[in-house]
Amino acid sequence: MVGVVGLGTMGAGIAEVFARAGLRVIGVEADPEALARGRGHLERSTGRAVDRGKLTGGERDEILGRITLTTSRDDLRDADLVVEAIPEILDYKVSLLEDLDRICKPETVLATNTSSLSVTAVAAATGRPGRVIGLHFFNPAPVMRLVEVVGTVVTEPSVVAGITELSVRLGKTPVTVGDRAGFVVNRLLLPYLNQAAVLLDLGLAGRDEIDAAMRLGVGLPMGPFALLDLIGLDTAYEIMGVLFDETRDRRHAPAPVLRELVTAGLLGRKTGRGFHGDETAPREPEQVAGVTFGVAGDDPSSIAEALTKAGFAGSDDPDVLLRFSDRPVVEHAVRLRRPSSLVGVHLVGDRVAELAATVLTSPEAARAAAGLMTAIGRTPVPCKDRAGFVVDALLYPYLNDAVRMYDSGYASIADIDAAMRLGCGYPAGPFEMLESLGLARVRDGLRALYAEHREPAYAPAPLLDHLVTAGMTALPRP
Ligand code: CAA
C-alpha cells in the first residue's frame, strides 16, 4: 500500500501512476477543498484517457477505486511506502517527514518527490534516514517515462534497489543518482528555461518566437515558456533559488521576470495565466511581394534557390541582404554602402529562420526578411544581433552543462541522454544532439558566447575542448 501526500498536479499524477499499476493508494491532502481539487485532477486525467480510448470506463473506475482520499495523515500508518509531493519548501517537507516518521511503521520507506531540495536534509529530519529516498517524477506524471531515484550517502542499498525495481513495475525508466541540487534533469533543464526568460526580459526576441524557435527549430515538444507554464512558475522560481544557493552561478539566479510573475500570482497553467494566457489573435505571417534579395556568407545557395523558386529576384543592390554569419552581423553591416538593408540569417532545422536585425537595420528590411522566410515556408524568428541569436544561445550552454555533468562523474552519458529524452520528451539527449551538431561547431559557438558575455559558464567545458583538439567527433563511451 502506497501513500501520497499532496494532491496537486504532481501528487495526483503520482497517485494515478501507482493505481494504474494495481497498487492501493491513500491520497492525503491538508483540507477538504484541497482534497476536492486533487479528486478533480484524478478525474480529469483518467477521463481524458477514456475519451482518447486509452482506458475503458470500467478500467477507469477500477483505477479510481484503488485510491482512497483522506485529510488525515494518521491513515498512512500501515503504508509500505509514502511519497510526498507538497510544495518545494524545505521547512514544509522537513516538518511533514517528522510527522510521517512518527505515524508510519518503522519499515515504511519515505520518499520525497522534491525537484531540487536536499534529500539528505529531509532524511536527517527523521529517525530512519536509511529508509528515506528521492523519487522524482516528471510532469505530467502519467505520461513522462522517467523517474529519478535519488539515494543519499545513508540510504540503505536495499531501499535504492527496491524503489528502482518498483519504478520498473510502474512502467517507468529509473535513473539512479546521488543527491545534488536539481539531480540530472532539473540541473540541465531549468538553467535553460531561466535563460530563455532572461533573453525575453532583455528583449532579444519575443515569447512566441523563442517558443517557436525551440519547438520547430530544435524539435522540442514545447517551447521554454509553454514548459515553464506547465511546470509552474513558482516551482521554477524555487528550483532556481536552490540551484543558485548551491552553485552561486549567476546563470542560476532566478530571472527577475519569474519573480514578478510569481508575485503577481501568474503561476502558469494552474492559475490560467503565466507567460502565456493573455493571448490575443495570433499574428498573421508577414507577406511580401516584389522584394529583391541578395544572400552572402557561407553556403548561400540553398536559400537563394528557394527564394528564386518562390518568385523573388536576386539583385546586387537589393531591398534586403541576408547574411549568414557566425560573427556579429553589424561587423558586416558597417562595411556596406547601405547597412540598413542587412539582416543576419541563421537557418535552424528545416522550419525556422532566425533573423538578426542590427542597430543599423531598417524596419522595412527586417519586415522584408521575415516575409521572404515566410514565403519559403520557414517560421521567421526576429531577434537582436547577439552571439548565438536565440537557439544557439539557449542550446549550447545546455549541452556544455551536460558535458560538465558527465565529466564530474555524477551520471553516465547514457543516463543523461535517457533522462532528457524520457523526462522532457526531447527528441535526443544532449550527447546525441552534441554529436549530430558537431563537437567543433558547438565548441566554437560557446567560444563566441563566452567572448561576448565573458560568462565563465559559457567557456567550453575542458573535456569538450580537448575532444575537439584531439579530432574526436563523438564522446568516448565504455
Ligand atoms: N495528464 C495526463 N495525461 C496527459 C496530460 C496530463 N496533464 N497531458 C497530456 N497527457 C497525455 C494525453 O492524454 C496523451 O495521451 P495518449 O498519447 O495516451 O493519448 C499524451 O499525453 C499526449 O498528449 P497531447 O496529444 O494532448 O499533447 P502533446 O502531444 O502535445 O503532449 C506533453 C503533451 C506530453 C505534455 C508534451 O508536450 C511533452 O512531452 N512536453 C514536455 C513535458 C516536460 O518537459 N515535462 C517535464 C517538465 S520538468 C518536471 O516536471 C520536473 C520538475 O521537477 C519541474
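Tutor: We will take the ligand and then the sheet. Keep in mind that this is a predicted model.

Student: Which residues are closest to the ligand?

Tutor: A residue counts as near if one of its heavy atoms lies within 4 Å. Here, 21 residues surround the ligand. The closest are Arg-48, Arg-52, Ser-115, His-136 and Asn-139.

Student: Which ligand atom is 2.9 Å from the side chain of Ser-115?

Tutor: Look for pairs of N or O atoms within 3.5 Å. An oxygen atom of the ligand is 2.9 Å from an N or O atom in the Ser-115 side chain. For the side chain of Arg-52, the distance from a ligand oxygen to an N or O atom is 2.9 Å. With Arg-48, a ligand nitrogen is 3.4 Å from a side-chain N or O atom.

Student: How much of the ligand does the protein bury?

Tutor: Start with the ligand alone: it exposes 1000 Å². The protein buries 72% of that.

Student: What classes of residue make up the shell?

Tutor: Sort them by class. The shell has 12 nonpolar, 6 polar and 3 charged residues. The largest share, 3 residues, comes from α9.

Student: How do β7 and β8 pair, parallel or antiparallel?

Tutor: Parallel, over 5 bridges. Find Val-150: its bridge partner in β8 is Val-177.

How values were computed: Residues numbered from 1 in each chain as written. Predicted model: local features only at pLDDT ≥ 70, side-chain atom pairs only at ≥ 80, totals over all residues. Heavy atoms only, no water. Polar contact = N/O pair within 3.5 Å; in protein donor to acceptor, adjacent residues only side chain to side chain. Areas by Shrake-Rupley, 256 points an atom, 1.4 Å probe, with all protein chains shown as cover. Helix = DSSP H or I, 4+ residues; strand = E, 2+ residues; numbered from the N terminus. Nonpolar A, V, L, I, M, F, W, Y, C, P; charged D, E, K, R; others polar. Pairing = 2+ DSSP bridges.
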